[in-house]
Amino acid sequence: MGTPAGAGDRMDPVMPKHDEKHYWKSLEERDGAIDPAALPEFLAVPSGADWRTTRRGFLVAAGFGLAGTALSSCSRAPVERAIPFLLQPEAVTPGRASFYASTCAGCSAGCGLIVKSRDGRPIKLEGNPDHPVSRGGLCAVGQASILGLYDSQRLDAPTREGRRTSWDEADRAILSSLAEIRQQRRPVRFLTSTITSPTTRATIDAFLASFADARHVTYDSLSASAVLDAHERTHGARLLPRYRFDRAEVIVGVDADFLGTWISPVEYTAGYRSGRTLGDALARMSFHAQIESRMSLTGAKADLRVVLAPAQYGLLMAHLADRVARLAGANSPFELLAAPPVAPALVDTLAERLWHAREKSLVVCGSNEVGLQVLCNAINHTLGAYGGTIDLDRPSFQQQGSDRQIEELLGDLSKGSVAALLVAGVNPVYELPGGEALAQHLKKVPLVISFSSHLDETSSLARFVCPDRHYLESWADAEPVAGALCVTQPVIGPIGGTRQLIESLAAWSGAPKPAYELLRESWMTRVYPRRLADQPFEAFWDRAVHDGFVEVAANAPAGRTFAAAAASVPAAAPAAAGTLALVLYPKVAMLDGRGALNPWLHELPDPITKTTWDNYACLSPAAASALHVAEGDIVRIEVGGGSGPSSAIELPACLQPGQHDGVVAVALGYGRMGTERFAKVGPRWLEARPTVGDDGRVGKNAAPLASLSDGALRYSGAPVRVVKTGRRRDLAVTQSHHYIAVPAHLAPAGGARRPIVQETTLPAYVKDPAAGSHGHHEAKEDLWPSDHSYPGRRWKMVIDLTACTGCSACVIACQVENNVPVVGRDEVRRHREMHWMRIDRYYADRADGGVDVIQQPMLCQHCENASCETVCPVLATVHSEEGLNQQVYNRCVGTRYCANNCPYKVRRFNWFDYPREDRLQHLVLNPDVVVRSRGVMEKCSMCVQRIQDAKVEAKRQGLPLSDGAVQTACQQSCPAKAITFGDANDPESRVARLLKDPRHFRVLEELNVKPSVGYLTLIRNRAEGEGGGATGHE
Amino acid sequence: MNGRIVTIVLLVGTALAGTLLATRIGAVRIPGNHQGYEPAQPIAFSHRLHAGELQVQCLYCHSGAEKSRHAGIPAAGTCMNCHRVVTTAFGAVRAEDDLAKKENRKPNLLVSTELRKLYDALAVSPAGMLPIAGREPVPIAWTKIHNVPDFVYFDHRGHVASGVTCQQCHGPVETMERVRQMETLSMGWCVNCHRQVNQIGVAGKTVYASIDCVTCHY
Amino acid sequence: MSEHAVSLRAPLITGDKSIAQVTDDVCAPMEGRPTALWWGAFIVAFAVMLLGVAAVSYQIATGIGTWGVNRTVGWAFDITNFVFWIGIGHAGTLISAILFLLRQRWRTSVNRAAEAMTIFAVICAAIFPLIHMGRPWFAYWVLPLPNTRGSLWVNFRSPLLWDVFAIGTYFTISVVFWYVGLLPDLATVRDRIKEGARRRIFAFFSLGWNGSYRTWHHYEAVYLLLAALGTALVVSVHSIVSMDFATSLVPGWHTTIFPPYFVAGAIFSGMAMVLTLMIIARKTMRLENYITIRHVEIMAKLVLTTGSIVGLAYATEFFIAAYSNNPYEQFVFINRAFGPFAWAYWIMVSCNVIAPQLFWFKRVRTNLAAVFVLSLFVNVGMWFERFVLIVTSLHRDYLPSSWADYAPTSVELATLAGSFGLFFTCFLLFCRFLPVIAISEVKAVVAHDRRTFGGGR
Amino acid sequence: MSRRIFVGVFEDEADVIAAADASRAQGFAIVDAFTPYAVHGLDRAMGLKPSWLPWACFGLGAAGLAFATWFQFWTTAVAWPINVGGRPWNSLPAFVPVMFELMVLCAGVGVVVTFVIARRLGPWRAPEIPDLRATHDRFVLVLDGGASDPRAVRRVFADCRAVAIEERDVEDRR
């Protein structure tokens, strides 16, 4: 497929070429080149002669000049070649996209994909709507994972002692040393992250079987090990249950960011949203309470948010368990308990709500403390959640890591007893606390084989690196949830000489086979027997490959009954004076650092802090002022004595409202090896500043601050000292004013809070669906004659603020679809980010001292009376007859008047020609969207390229354009299905129905610009008028 | 007096410039307009012969026009559908046969110079059309004639679907030995046609051709 | 009637000049060698201009990104400088046209220089709309030219396009007016020169003017007509420039009082600049007898008046915002006075409103040094007025999410400096090569004075 | 053929006005006067009609206005009507500024061009000037010597304190 892809590019005349500007310039230059040639004659004439002659002289000159220009214009534009296939492949029609089902490997959640491939190049990943796990959504990380395919810094051949070598040589060497180990019966360890692929697991087992002492060690750097361990205790089976948020009516999350980063966010978001659906026939609104110490995406969405120090989770949950048990009539598992860390009334409310909705209520805990998880299970058991909102019969395999195993392995390594270590899918030296020590120990291991596709902290220490393929080049499968078998199929020929993990293992087991055969065989023997409907294997297989998944019988250890394990209250260590509790958390984009090589993810504003390109120390405003620290001040975070580099890092401070005053929160996943590449990101000019930090990397690695002891990888709770260093580093934030209210000292009377977002509470909504509305400002009288009707289609969009979680999947989806450039840290700092789709995050202070968070996706509103259009002198932005606000790049001269005049500030200007350093990454560009050159304005086009394609395709087939035939990129990717787009003139369309919804409102409607994008009121499940939530008191 | 001489000289010059202009007047055009562009192609493929004399349908080779935005240039494989058997002009074959009969020998295979290029590209031997061992096929690099700037998205599908004939934009290709750009392909040319067909329709049936910017620019 | 009024006063031109002396005095600086002072000034001005040229070339080659502007503050120095220079450009035509219509005979001593200043200022101004474009090489697209795009014209609804026509017309008419005024003087200079290239040049540009009274007769009519048109332009141009802002929906821009407010502001700044230049000119070029204290005083009065009007406009803006009770509007003005750009706002107020009030005192009006300093203050203040108007309105508009700050880059500063360099370079060349005072008109005044007050024959 | 003219040079505007008056009284044909500045009252003395240029100016202005009005309407509402921000096809109020500007432009530039042509001025015209000081500090009155008696002319000039009086033969350009 490699060559066709190449051919495709040249075949495709609309493939955006970077020299567009140059093409025009060269024309200018050529015209310019003629006139000077004519001038000398003109100037020569008058000398000596008197004036009479000069006029004619001028005529002559002009004549020649004109002739010259005319002649020059006959010359040709640079010759373009068109190179067709020699033999046309069936599947590929140049210029026509084809779609393949596959499975995302961005994380271990295993979401379903539809890969859009154009001329043999995958250019866009979309969610698979039929997929049993993800149900059509796809998160930011998943969306962005396509860029990794076109990463020119991927290893394209195996290396030995850091030098590249051939596969044969590598295999020979590895086989010989493996044989040695085999007959010396020395220990072999295979270290991986969670592997949901039955085939891969089987292959590994088969490979290890030939060794006397071999073990497959699994760990997850974002560990949920405690959940599995707890279930081992309480249910006798070490497994991760499948949480069914769609079934839950009351959800209590304890430190579990299940909408953002915890285990399977897309799946959970979809479920969560389906439990919070308003408007149409079935109106459901679950109640969600979140107990956490920092402001997480999930907490931001919660109806009730309780801010608590990590140390106090245990006590609170104990009280919860106690109350619930009482309500259930059982006797409390605890004799006496210390006073609850929050108002007792609050605990009562939570317990009662949970009990009231028993069997439909759910408590999830994100902590990695087995004790807490056991408590959690106990509560859920009492509530009858098992079998209802928690599914043990079809459990999840999305997290299998065991902290105990990795701890043991590290022990063995330090003893130097391991003979061979094979590392796949993990980067322990970077991810685990004590990485430096591990690095030393690895040197003692005779044979270290890494399957990493990059040279990272671990693979750079390995004797052999046998680079695995990108998942879009691979044949693989996955079983994220028992019974849901997903297929990953290659959509492009391998770029570079990589080899799939299972192929390598097969080769070393002495039975080399291509991955495709390995997979089919494994399915024949393992999956096919579990089929539900009887059909021949071929049909079964083809169906699976076509759909991307197949539902089969779950052969998981059947969920046992609950055996009350000794639930104890984890001791809450009193915080030592002058210390803060450290909380290490994964960012939505960066997770554990697997996104660290992806510029899109670095530039994606964090949904809460809106900061890009860095990690930072989050402090509550109170804590910050106590430390005399302002935003951007670099602070030093010291664990324990603060001795030794590993236990202290320096980061700029970031003030985070709604965070516990006793907590400092730091994001994981930064400071990774390989981020040096971003030194070259962004435009280079006089006052440009580098994207990377002083150490040449993006951010700092916080993993060393975590701890791995007695079988648990701990991210939070460690007491740290925070010291101000006196240095500064301004953060690159896309939003500099964070509150929906204007600064108090500048606020006009009554105008402090701006009516940008309409919100209300559930009871108010039930009483009056239009509650919270600021009144609709439909202009009755119009100064102008109504010259413009929209008889044909009328594209409109509605965004449900109640559904939107702010996860930012849409932002990346838009970036990929529309070739939005990456501009680098300095440009973002200067407020010149280019994202067409942004998510405005507002805080709103509450009476009780808490803070509410509002997420509002903001994109071009495609106003009917667009203020940007009237001011453009050259008609570069005008209105289409389908109601779109068109931006014509090639007509734009770049006055920026339109951007000034846009009340929503959604227009983006090309301040520079943004360099795309990695030429290979040009292959990800969408050929249906122009790559904008310097000096032109751009903005959301409502994916007009998709509209046009759908229209033409409908015309071609002589069919009407059905509702949903056109989906914008943001809409398609949204895991919460918050975005609806369609033809408002079609009364049957979903968007037309939502436009009639009483919740529907439009931002800044009073300006009478008549936006085509509307929003649905944000509704929180709270007592009417009550702010809700509470803050923990020490 | 001396001025008079200068005057005469310059009058002559002006006349010269005038005539020069007159001769090149046809070539006066806005930069970027390549009307009349007629480059040589790697293989001297004759549309007159194929589309004209032999009546091969345009869409037979340029099948993309129906289902993709690009009409596309046929793969060499498509040529082989016929040229597996036809290796040179029919007349030449006939003559060779007669000659062979006269000299009573087996007529030997004639391959036209242009078609040889095709076979070379595919690395097959004209005799038996079998791949030549150790020879890599090399794709044929045709020269694009109808170019629009990169910021213009023209889509063949819609036009073919609504019955616009190929000749309307590409001219009487079936009469061209070497293909030549007939129209200016300027924006005005497109827009005016779109305006026109909204009035008079295409091939009798009424159509709607939008003149929105986003019809072509996005 | 006005003649009568004037006649009661002391003669405008002091030193009991004869007509002949007028010619000699005015032509003296042109005919002598340039002074060291002139050379010094010229070299400095030219160097600064080159700096500006460098900055602009770098910006055009690299991108608008070399400026401090961002997604929220799309305009800053560029349009600030544009409006500033346009404002400066108003004094010339005002003095020539309006005062001519008002039969203010004192104008004759300053109108020539003022008109020249207008032209140079408009040139400086016109540069900015050009270079503020992302793709200046396509600037000609703003002109309604025939084209092959299905005759896609321009957007006549865009205030920016109105500017193109307003500025174009204003520039053309100003040049024509200035040149027509120069005609007789060019002839005078021509006839003072015996031979050589300079004579040929002056002969060329004086269009064979021979002082024929029949020509004078029509000339008077043309001059009057141009004055009338010029007056209309002075008012219209800045009104239209103000509509760039007034017709938008940016709070702080969208204000009905802009046209008169801008015109007043323009005259204000223009007058201040004339004062600055005249005070230098009369010293360096020994024209004390032509640009007398009285001229200075009259202009000081004008500055005081317009300054007060501007001050009133500032107040009115606040009042409108407060009274309209539109929260966005109110916020913008509170933010101006007390927000992040308060410093700029208060510079503006103190320079434009408070400082000129000193002109109530005759002692100040007639004290050259004081007038000079105050005129400088006004120049600074008026630049900041535009800066405040543009930046503070933009940086915090409707959605708090997109609020942003702004800081100029070195490139912007260099560009601003460069525009001053260009202005003074042009002006110095003008002083060197053309009569800085309208000779023929002054002669008329002198003759008139002699008739009214007598004088040695 | 050449003709004879009388040239009187005066030092003061009052004198030249007097001379002009006297000459008209005597019935001499005044060819022209040459002065360094526009002498008030000399037009009356010479009996010149008011300039017709204002009419030209008005006509040109009207033409400019009409063109601007038509052109803007045609481009925005007829040639290619484009929906710009929902504004009406014919947004007349928005056209006013350009209408005004074009009017002024045509009137202003037009009248100057007309003047230059009407008075036969031009870049390459050699100045026909009876006394070089006429652009400096002298006032010159030129009479047609055709009919009138030289002595009478001399007397009139002398009475008006002429500093120089001479008779010349000039090329007749009529």
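C:Thr255 is buried, with a relative accessible area of 6%. The model is predicted.

- C:Thr255 sits in the loop of chain C that lies between α9 (213-246) and α10 (258-284).
- The residue counts as buried because its 6% relative accessible area falls under the 20% limit.
- Once its neighbours within four places in sequence are left aside, C:Thr255 is in contact with C:Ala246, C:Ile320 and C:Glu329.
- C:Thr255 and C:Leu51 are separated by 204 residues in sequence, and their C-alpha atoms are 37 Å apart in space.

**Nonpolar patch on chain C**

- C:Phe46, C:Leu50 and C:Val53 make a nonpolar surface patch of about 250 Å².
- One of these patch residues, C:Leu50, belongs to helix α3 of chain C, which covers residues 36-62.
- C:Leu50 has a relative accessible area of 43% and is partly exposed.

**Three-stranded sheet in chain A**

- In chain A, β2, β3 and β4 form an open sheet in the order β2-β3-β4, with antiparallel pairing.
- β2 (97-103) and β4 (121-127) of chain A are at the edges and have a single partner strand each, so one side of each lacks a neighbour in the sheet.
- On average, neighbouring strands of this sheet are turned by 30° against each other, direction ignored.
- β2(A) and β3 of chain A (residues 112-118) run antiparallel and are joined by seven bridges.
- Within β3(A), A:Arg118 is the bridge partner of A:Ala97.

**Chain A as a whole**

- Chain A has 1034 residues, and 65% of them are buried.
- Its secondary structure comes to 28 helices and 45 strands.
- Among contacts in chain A with a separation of 6 or more, 73% are between residues 24 or more positions apart.

Notes:
Residues are numbered from 1 along each chain as its sequence is written. Chains are lettered from A and ligands numbered from 1 in the order in which they are written. This is a predicted model: local features need pLDDT of at least 70, side-chain atom pairs count only at pLDDT 80 or more; totals for chains, interfaces and linings use all residues. Side-chain values use heavy atoms; hydrogens and water are left out. Two strands pair if DSSP finds at least two bridges between them. Helices (H or I, at least four residues) and strands (E, at least two) are DSSP runs, numbered from the N terminus. Axes are lines fitted to C-alpha atoms, for helices over the stretch in contact, and angles run from 0 to 180 degrees between N-to-C directions. Patches are made of residues with over 30% relative accessible area and no salt bridge: like charges are joined within 9 Å, nonpolar side chains (Val, Leu, Ile, Met, Phe, Trp, Tyr) within 5 Å. Accessible areas come from the Shrake-Rupley method with a 1.4 Å probe; for residues, only the protein chains shown count as cover. A salt bridge is a side-chain nitrogen of Lys or Arg within 4 Å of a carboxyl oxygen of Asp or Glu. Buried means under 20% relative accessible area, exposed over 50%, partly exposed in between (1.4 Å probe, protein chains only). Contact means heavy atoms within 4.5 Å.
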